[in-house]
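Hello,

I am passing this structure on to you, with a few notes on what turned up in it. Please have a look when you get a moment.

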Amino acid sequence: MKSYFSELFTGGWSLILGLKVTIKALFSPIVTYQYPREKIDVTPNYRGHIDLVKDAESGAHKCISCGSCMRECPSDCIVVEGEKREGVKGKALTIFTLNFTKCSLCGACVEVCPTKALDYSDEYELAGFAREDFHYDLLKRVEERE
Amino acid sequence: MDINKVKGQWQKLSTAIEDVDYSASGYDYSVSLERDKVRDFAALMLAEGFYLVGLMAVHVTPAIEVVYQFAHVETRCRVMARAFVDEQVEMPTISDIYQGANWHERETRDFHGVVFVGHPYLEPLILPEEDVDLKPLLKEEAKLKDVAAVRRQPPEPAPEPKAKPEPKPEAKPEAVKSQEQS
Amino acid sequence: MEIFYSILPDLIRMVVCAVCGAVIVFGNALVMGYAERKLAGHIMLRPGPMEVGFHGVYQLIVDGLKLMGKQLVIPKNADKPLFMLAPLLAFAPVFVPLLVIPFSSKLQGFDLDIGLLVILALASINLLAVLIGGWSSNNKYSLFGAFRAVSQNVAYEIPMLLSLLSIIFMTNTFSLKGIVAAQSPVWFIVLQPLAFLIYLVSLVAETNRAPFDLPEAESELTAGFHTEYSGMSFSLFVLGEYANMFIVSSVATVFFLGGSSGIPLPYFEYSGVIWFLLKVYSLMFFLVWIRWTYPRTRFDQLMNFCWKYLIPFSLVNLLITVVMVKLL
Amino acid sequence: MSIDVEVLEDSRHHRYVLNMGPQHPSTHGVLRVLLELEGEYAMELLPVLGYGHRCHEKIAEFKPAKSFMPNTARMDYLGALIYNQGFAQLLEKAAGIEVPERVEYIRVITSELNRIQSHLLWYGAYLLDLGAFTPIMYAFDDREHILDILEDVTGSRLTYCYARVGGVSKDIDDKFVTRTRAFIDRLRSRFPMYEDLVNGNIILQKRLIDVGELTPQICARYGITGPLLRGTGVAYDIRRAEPYSIYSKFDFEIPTETKGDCMASFLVRFRELEQSLRIIEQALDGLPEGPIMAAKVPKKLKLPAGDYNSSVEAPRGELSYYLVSDGSDVPYRLKVRTPSYSNLSVVPEMCRGMLLSDVVSAMGALDLVIPEIDR
């Protein structure tokens, strides 16, 4: 008989404690971001899809189209092609495409690149209507970038 | 659970016991078993308080090798029991001793086609019903290796460049391997 | 023609009451729906609806329009007539109790002397709607929800009636105006605190809310009896639930918190209504507050709590009340 | 308390089959459980798997071993850093690579943060199953702090690919250390709030106590490890039983309970949060300077022939990688033994005769992550 009542009172008290917590939360400030209205500042180390780095002084990309990133990539997302041009030491880059739909962001290409030509972009708002929206042509992107 | 008593019992059941250096390979004992001794071995391990970590099959030439991994809760002791499948690719089930093996055996049948005799509900677990004989994890002919190729080479200083071991048909695979090892 | 003239005042009164009832039901649904989403938001440290209008004020109107615009999906082998009847049965009977509730001393639809019986009789029709809805949508989960709702509502009807009965013994009248009048010196919550608590718990269970929302348990029954309903029929269920919540908490105000009595505000003649609505909405706030705090009880615990705790307590309370009334 | 309703022989005809899943609010992922119900009592349960199968083990046999690292994070996305650490240790053990001291500390700190984040998500999701909508928001509020801290150093928030063979891909800086210390104090100050709101709540206790009881014998027969095993009173934790990495340097207890029911594993996981905080604190205090990549890591990692096993304590139990190598750099066979696989296999025996809502709370106590079951 005693447990009949004691359970009632301890249970009742635990319920009131729970209410105390939620009422305190009701009057404490909001912690969420209103995403489309307020933009969250993403850390610079965020790993977006890879991008060719624009060399500071020469203003061009640093890729020597050696293709080691293409060989290293576990899911074969990168296609790199270069051609011999006279007057240019080594091969000049003609095609550098990334199929971001298969990329698992492992970072093998960025680490294996001998001239540090690749780095992560910090784009996280990626939405598209077709798979081809994510076939990036990095060469064109690096030239368009100012 | 003192290890020497248990090893004595293993001696009776198994064909070869090998003490393995834990820091190099991650487990303590490698026990090679006859196919029909697997059930008694499992019963013995359950009696000694081991729990079944997992059950995995490796596709090697003479026959598919099924590896049972046991570990103990009180003392650190990880045991790999190995047994070869017979010609009809069958293996006695231990799912009535270790119920946890029920799913492992169904999955091994999905991936390797090892039929576990006596299993209560041997339906495909991970693959859909119509892929019963897909057996995805079996190796193609080119990549198939001999069981010796995947064993730890005795650590002589410079392992000579291994010529491609042509798969020699061995009548009693464990017997040959055990003399050479122990 | 004289017959017509003689009943004309009643006719007008009926039309006015019907219009006021509709205003209350839809108004309360808008206000309560918005308040519930805002409160839930702030309890969870998020702002709740903010998009439509200042702080999302028009959110519920927009929701209503969306629900009206949605297609009425009727499952293939559902029992079509019953399937369509259930939302109507959940929504229609909610208007009648509003006529009887005394919003203030002068503002009341009809002062029937069997006021309480009207309310309780129509409250159980809502249960019928849930059963028909669950059965006719031919879905195992909604069948589950329906059966749970039936046994839960039937079980919690008893402590609810017993606790109200102990008030009726003190005022020996069913008319709500009489009960409010009988509370002038001191509210019944002071005299009958236990009855108030029992009534509060069973009112939460009666409207299938908060810790007792087993009929539409999202995590087990994927939304229980109104799984198959979409568009306007779903919103009828929700309107019915909010209106039912309004009625049940206004009954609690009338019986325990002294209806519309309170310090008369200086220059506003109908101050009783403001006090009444203040009390009703504070009770509703309590319901919303409970909903966002507690996990859901298990079904047999729900029943044990009712049969082993609430009913014995309400019987003992009734006994004490009868003895006290006899002595005084 | 599995209610033993004595089932009459011919009573099977008035049972009916209910399909819980693969799209169901309380199965965490695409798991389908066929329930044979008699009224609300689930008499027979049959989990149906394979909806999330991506054949990771087949993929491992085509690529060089070290490029399998991103796959490990996709198996259990809640314990991704721990899966990375386990796989990195496997390859280092096979190739015999010594890892610098600082890397071990970084791996332990990030793994423990990952464990806390996984327990917090389980905490919120489990209470959502039980019907309480608010605690998940508070738990996610804390969890977001961890995600921001880890995003700063690893670059991603859920499926990390942070460990490399012989080291880690990026060093941690002072900002990481200060933010982690701030997080530790913040989470510690939140424990009383969780105790009041949830752990003490009578409704929750009634829902969890005596539900889905396990015993050490059942756990041995099914291979159940992790908080469920510790809930039955066996203090078995790979970090203490087979101390890998540098866990032997830290002193932390292994919380255990005795009854082995849902409440036991609930409290064990809740107390493990505190233990992980203690480990992180000691690791941060003792963080040495030094390189973050081993000296000579061959570009083409040739693994000597033989089979290797590496066991790690994942948030849900024991995770073991079993690698059979034939001397080339592509693994011959890689088997991943995931904890939820064995933990889920006990459901048919544990939940027989339970009420439907008990089946939901018992399966929530198993803390299932379906992608690691289907692999």
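Chain D holds an open sheet of four strands, in the order β1-β2-β3-β9 and with antiparallel pairing. Strands here are DSSP E runs of at least two residues and helices are H or I runs of at least four, both numbered from the N terminus; two strands pair if DSSP finds at least two bridges between them. The edges of this sheet are β1 (16-20) and β9 (354-355) of chain D, each with a single partner strand, so one side of each is left without a neighbour in the sheet. Strand β3 (residues 41-48) of chain D runs antiparallel to β9(D), and two bridges join them. D:Y41 has D:L355 in β9(D) as its bridge partner.

A word on how to read this: the model is predicted, local features need pLDDT of at least 70, side-chain atom pairs count only at pLDDT 80 or more, and totals for chains, interfaces and linings use all residues. Residues are numbered from 1 along each chain as its sequence is written, while chains are lettered from A and ligands numbered from 1 in the order in which they are written.

Now to the chains. Of the four pairs that touch, chains B and D have the most contacts, a contact being two residues whose C-beta atoms, placed from the backbone, lie within 7 Å. Chains A and B do not touch, with their nearest C-alpha atoms 20 Å apart; for chains B and C, which do not touch either, that distance is 25 Å.

Between chains D and C, 25 residues of chain D are in contact with 21 residues of chain C. On the chain D side, α4 (101-129), α5 (135-154), α7 (202-208) and α14 (356-365) each give two or more residues.

Best wishes
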